[in-house]
Amino acid sequence: MIAYMLVRLRESKIDAEAALVENQHRFDMAFAGARCGIWDWDVSENRVYWSSAMFDMVGLKQPSKRLLPSEIKAMAHPEDVEAIDEIAKAANRASRSYDTTFRLRHADGSWVWMHAKGQVWSGGRAGDRLVGITIDITEQKLAEERVSEANERLRDAIESVGEAFVLWDAEGKLVTANSKFAEFLNITAADEGAARNDIMARAGIGDAWPVAGESETEVSEIHLPNGRWLQISERRTKSGGHVNVGTDITAIKEQEAALTDNKVALEKTVHDLEASRRKLQEQARQLVDLAEKYASEKTRAETANRSKSEFLANMSHELRTPLNAIIGFSEIMGSGLFGELGSPKYKEYATDIHASGTHLLELINDILDMSKIEAGRMTLETQALEISEVVEESLRLVSGRAEMASVTIENELPELPTVNADKRAVKQVLLNLLSNAVKFTPAGGAIHLKGEAKDGFVTIAVEDSGIGIPASALPKIGRPFEQVESQHSKKHKGTGLGLALSRSLVELHGGTLSIESTEGVGTTVSFTLPLAQDA
C-alpha cells in the first residue's frame, strides 16, 4: 500500500511538472507572438531574469545563468545606458514603478527599441524585485521616423511652392502655412492652432478672406492692407478642413488699373493713328514718286561718274604730254644747254615754269590716283618689301626740300621685318607725309621717323615739331580736298589730296592711318602695314 501510494505520488508529481512545463511553453509562445518579454530583477542579488521571448527579441539564446546588469548595459545603446539605471532606481521612488524606453543591440548588429514597464515587488526575506514586461516597439519607432520624414518632405514641398499656402482644420484653425503666407499676413509660428478669424482680424483683413463654400474648389481675390492683391484658390480636404493657395497678382491688377486709366488716351491714340495712317499713305505715294526720281537720278549720276572716270583717263595723256614738254623745255632753258637766253629774268621765268609744271603734274597724278581708288580700279602689286629701303629712297627725295626749309629729318627706325605691300604706293605715302611735315615745320624744327612691329603689323610714324592742327579741324583732315587753311588765308601750296590719298592707299593694304596733333606743338601721322607671311 505504501509502495503504491509512493508510485501514485511520483506519477502525480511528474504530471504536475509536465503541466507546468506545458503552461510555461504556452506562456512563452504567447509573449513571443506579442513581441513581449518578462523582466525579473533581483535587487539583492543584482541578477536579472529574462524570459525566452526577451532573448528572442535580441536574437540571442537563453543562457543557463541569469544576467548581470552590466551585461545588459553592454548591449544598450550608448545614449540609452541611463535608461537602464532608471529601472534600478525604481525602488527608491515613491511610485515604486518604472516606465522607460531604450535600445538594445540585436545579434545582427541592428538596434531594437524596447519599452520597459513594471514595478517593485517586495517578497519578504527575498528582498525587493523589479518585475515588469518589455515590449518591442521597433516597428512603431520606424513608423514614427517615416512619418517624421514624410512630414519634413511635405513641409519642404510646401515651403518650396512659390505661392502662399495654408491648411485649416475642420474647425477653422491653422494647421500649417509656408513662409510666403506668413509674409503676406504677418503671422509667426506661435499662431499655429489659432482660429482663422483671429488671424485675419490681426492681419487687418477681417471677413474679406474667403470661407469654404459648398463646392470643392473656389477662386476669389482679396486686397491686402499693404496694397498687394492675392488670388485665393480654395479646396476642401477629406477631413473637413480646407486648403488655400494664394497667388500674388499685384502686377496684373496694376496693369489692369493702368489700362483702365489709359482707356481715353488709347482711344485718342487710335484716332491719331488713323489720321497718321492716312497721312502715311499720302507720304508713301510721294515716296514712290521720289524713289522713281531717285532711281533716274542715280542712273544719271552713275553715267556721269563713268563719264568723269573716262574723261580723267583720256585727259591724263592729253595733260601729261604737254606738261612733260613744258617741264623738259624749261629745264633746257634754265640750264642754258643751247646757249644763254640773254636777260637773267628769262632764266628766272624758266625756273618758275618748271616748278609750276612739276606741281601741276603732281596734282594731276594725285587726282587720277584718287579717282582710280574711288572707282575701285586701283590695283596693288604687293610683294615682300624691306621698309627701310623705301624709307631711304623717300628721304633722299625729300632731303633737298628739308635743307631749303632748314628742317632736320632724323631716321630713328629700328630694324623691322619685311611687309607685304606695294612699293610704289608705300613710297607715295611716305613722300606725302614727309612733304607735309617739312611744309608745316618752321625753320630750325625737326622731323622724326619711328617704327615698331606688333600684332602682325609694322607701324611707321612721322613726328614733326610744326605748327600743329587745331582740335576742331582734326575730324575733317584726311578727306579729299580738305585743308585747315582757307583758300583766302592759306600760306602753303597744296590741294588737300595728299593725306586722303595716303589714307586710301594704306587702307587698300589692310592697314590704318591715324593723326594726332596739338596746335603749336606738332603733329604725328602713323600708318600700319601687314607683315609678310615669312616674317
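Reply: The account below turns to the aromatic pairs, then to charges over rings, and then to strand pairing.

The model is predicted, so that local features need pLDDT of at least 70 and side-chain atom pairs count only at pLDDT 80 or more, whereas totals for chains, interfaces and linings use all residues. Residues are numbered from 1 along each chain as its sequence is written, and side-chain values use heavy atoms, with hydrogens and water left out.

A pair of aromatic rings is described by the distance of the centres and the angle of the planes. Here, rings of Phe, Tyr and Trp (its six-membered ring) pair if their centres lie within 6.5 Å; planes under 30 degrees apart count as stacked, over 60 as edge-to-face and the rest as tilted. By this rule there are 4 aromatic pairs. In one of them, the ring centres of Trp39 and Trp50 are 5.6 Å apart and the planes meet at 50°, so the pair is tilted. This pair links distant parts of the chain, 11 residues apart, with Trp39 in strand 1 (residues 36–42) and Trp50 in strand 2 (residues 47–50). Helices (H or I, at least four residues) and strands (E, at least two) are DSSP runs, numbered from the N terminus. Trp39 is buried, at a relative accessible area of 1%, and Trp50 is likewise buried at 1%. Buried means under 20% relative accessible area, exposed over 50%, and partly exposed in between (1.4 Å probe, protein chains only). Ring pairs join Trp39, Trp50, Phe55 and Phe102 into a cluster.

Trp168 and Phe181 form an edge-to-face pair, because their planes stand at 80° with ring centres 6.4 Å apart. Trp168 belongs to strand 6 (residues 164–168) and Phe181 to helix 6 (residues 179–185), so the pair ties together parts 13 residues apart in sequence. Trp168 is buried at 1% relative accessible area, and Phe181 is buried at 2%.

Two lysines also meet rings. The charged end of Lys141 sits over the ring of Trp113, 4.5 Å from its centre, and Lys253 lies over the face of Trp229 at 4.6 Å from the ring centre. The criterion is NZ of Lys or CZ of Arg within 6 Å of the ring centre and within 35 degrees of the ring normal.

As for the strands, two of them pair if DSSP finds at least two bridges between them. Strand 12 (residues 408–411) runs parallel to strand 14 (residues 446–454), joined by 4 bridges; Glu410 has His448 of strand 14 as its bridge partner. Strand 14 pairs antiparallel with strand 15 (residues 457–464) over 8 bridges, and Ala453 is bridged to Val458 in strand 15. The hairpin of strand 14 and strand 15 has 2 residues between the strands, and Asp455 takes a positive phi near 55° there.
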